Amino acid sequence: MLLPQRFAWSIGLMLALTCFILVQFKDEIGNPSFKRSVASIALICNFFTWLESAAGFCVGCFFYNNVLVKYFGKEECKECKL
């Protein structure tokens with residue numbers, strides 16, 4: 001599996017895990033903040049999915065190749081550059 005794809009999947013997992021944690025602490029957070037937080041995370045997930053499926057642009061691959069490769073010395077993905 002390509003490293004940028006794994007990184008993109010980890011972004012999705014992080015967003016889903018954040019929603020799960022917010023649902024678990026719903027009573028402590030309060031209703032208005034809870035609704036805004038969960039709605040914004042869901043919109044981000046939908047937007048990232050739409051970008052990849054409709055526009056052919058993967059945010060995870062873009063971030064990986066333009067930030068992690070430059071600043072953290074990761075290996076550049078040749079398949080993403082095609």
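1. Start with a helix pair. Helix 1 and helix 4 pack at an angle of about 115°, and their axes lie 8 Å apart. Angles of 65 to 115 degrees count as roughly perpendicular, and helix 1 and helix 4 are therefore roughly perpendicular to each other. Their crossing is right-handed. Keep in mind that this is a predicted model.

2. Which residues meet at this crossing? From helix 1 come Leu3, Pro4, Gln5, Phe7, Ala8 and Ile11. From helix 4 come Gly60, Cys61, Phe63, Tyr64 and Leu68.

3. Now take helix 1 by itself. Helix 1 runs over residues 3–24 and has 22 residues. From its first C-alpha to its last it reaches 31 Å, close to the 32 Å expected at 1.5 Å a residue.

4. Which residues of helix 1 are buried? They are Pro4, Ala8, Ile11, Leu15, Cys19 and Leu22. Seen down the axis of helix 1, the buried residues fall within an arc of 70°, so they line one face of the helix. On the other side of helix 1, Trp9 and Leu13 are exposed.

5. What covers the buried residues of helix 1? The cover includes helix 2 (26–29), helix 3 (31–55) and helix 4 (59–72).

6. Finally, look at phenylalanine 34. Phenylalanine 34 lies in helix 3. Buried means under 20% relative accessible area; phenylalanine 34 has 10%, so it is buried. Not counting residues up to four places away in sequence, phenylalanine 34 touches Leu22, Val23, Lys26 and Ile29. Phenylalanine 34 and phenylalanine 20 are 14 residues apart in sequence. In space they are 12 Å apart, C-alpha to C-alpha.

Methods
Residues numbered from 1 in each chain as written. Predicted model: local features only at pLDDT ≥ 70, side-chain atom pairs only at ≥ 80, totals over all residues. Heavy atoms only, no water. Helix = DSSP H or I, 4+ residues; strand = E, 2+ residues; numbered from the N terminus. Expected span 1.5 Å × (residues − 1). Buried < 20%, exposed > 50% of the residue type's maximum accessible area, 1.4 Å probe, protein only. Arc of directions from axis to C-beta. Contact = heavy atoms within 4.5 Å. Axes fitted to C-alpha atoms, helices over the stretch in contact; angles between N-to-C directions. Parallel < 35°, antiparallel > 145°, perpendicular 65-115°, else oblique. Left-handed = near helix turned anticlockwise from the far one by under 90°.
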